[in-house]
Amino acid sequence: MKKVKVNVRYAIPDDAIAVRDIMHDAFRSYMAELDKVEVNLHALTETVDDILSDIKNHAVFVAVNEKNKLLGAIRVKELTKELAYIYRFGVRTEIKNIGVGSRLLAAACDFCTEKKYKAIALHTNARFYTLARYYYGKRFFVHSTRTDKGYIRALFVKELTGDRDYDISPAHNE
């Protein structure tokens, strides 16, 4: 696949419908990786109003091409003064593996570093090997796993400072 010029910016309310469509596309693909386990992923049922609320209350970044078409999105919220949480991270399936997700994740990590968080947490399917390897490559590590959502869900953490004095427990409830 050819390289695409990508710009990452904060989402605006006019982006909400496209963000919803990208998340539905990306998370349907994610569901296919869950070994046909029946789970209810909130990302597949969230509304435009949910996304508008996130744009208003949290950091939502979008990747856009030179024609301003949305290619992917990532959201970050503060759990504590030391800990941020990444969620609803997805890229259009037809352009996966060309660096769009990496640009989004870098923007989220840069944002968290600027905000002086000590660590960032996120959840993903522990059996989605490609995704687990991706996060390891971005310097995240598995903190713990749970099965309360119907699949093995890994809590990944990336430490942003040398200070490991942060409480990870708020991320368990996400």
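## The loop at Asn 68

Asn 68 sits in the loop that joins strands S2 and S3; strands here are DSSP runs of type E with at least two residues, and helices are H or I runs of at least four, both numbered from the N terminus. This is a predicted model, in which local features need pLDDT of at least 70 and side-chain atom pairs count only at pLDDT 80 or more, while totals for chains, interfaces and linings use all residues. Residues are numbered from 1 along each chain as its sequence is written, and side-chain values use heavy atoms, with hydrogens and water left out.

What makes Asn 68 worth a look is its backbone: its phi is positive, about 65 degrees, although it is not a glycine. Most residues other than glycine have a negative phi. Asn 68 counts as partly exposed because its relative accessibility is 46% (buried means under 20% relative accessible area, exposed over 50%, partly exposed in between, with a 1.4 Å probe and protein chains only).

You will find Arg 139 in the loop between helix H4 (129-137) and S6. With 65% relative accessibility, Arg 139 counts as exposed.

## The sheet and its helix

Seven strands make up an open sheet with mixed pairing, in the order S1-S2-S3-S4-S5-S7-S6. Its edge strands, S1 (7-10) and S6 (141-146), each pair on one side only. From one strand to the next, the twist averages 25 degrees. Two strands count as paired if DSSP finds at least two bridges between them; S1 and S2 (residues 59-64) have four, in the antiparallel sense. Within S2, Val 62 is the bridge partner of Arg 9.

Helix H3 (residues 100-114) lies across S1, S2, S3 (70-78), S4 (83-91), S5 (119-125) and S7 (153-159), and runs at about 160 degrees to S4. Contact here means heavy atoms within 4.5 Å. Axes are lines fitted to C-alpha atoms, for helices over the stretch in contact, and angles run from 0 to 180 degrees between N-to-C directions.

## Salt bridges

The whole structure has ten salt bridges, each defined as a side-chain nitrogen of Lys or Arg within 4 Å of a carboxyl oxygen of Asp or Glu. One of them joins Asp 15 to Arg 9, with the closest N and O atoms 2.7 Å apart. Asp 15 counts as buried, at 5% relative accessibility.

Glu 174 pairs with Lys 77, again with 2.7 Å between the closest N and O atoms. This pair links distant parts of the chain: Glu 174 belongs to the segment after helix H5 (169-172) and Lys 77 to strand S3, 97 residues apart. Glu 174 is partly exposed at 24% relative accessibility, whereas Lys 77 is buried at 19%. Asp 163 and Lys 118 meet in another salt bridge (2.8 Å, N to O). Asp 163 lies in the loop between S7 and H5 and Lys 118 in the loop between H3 and S5, so the pair ties together parts 45 residues apart in sequence. There is also a salt-bridge network, which links Glu 46, Asp 54, Arg 75 and Arg 88.

## A nonpolar surface patch

Tyr 136, Phe 141 and Val 142 form a nonpolar patch on the surface, with about 260 Å² of accessible area together. Patches are made of residues with over 30% relative accessible area and no salt bridge, joining like charges within 9 Å and nonpolar side chains (Val, Leu, Ile, Met, Phe, Trp, Tyr) within 5 Å. Accessible areas come from the Shrake-Rupley method with a 1.4 Å probe, and for residues only the protein chains shown count as cover. Phe 141 belongs to strand S6 and is partly exposed, at 32% relative accessibility.
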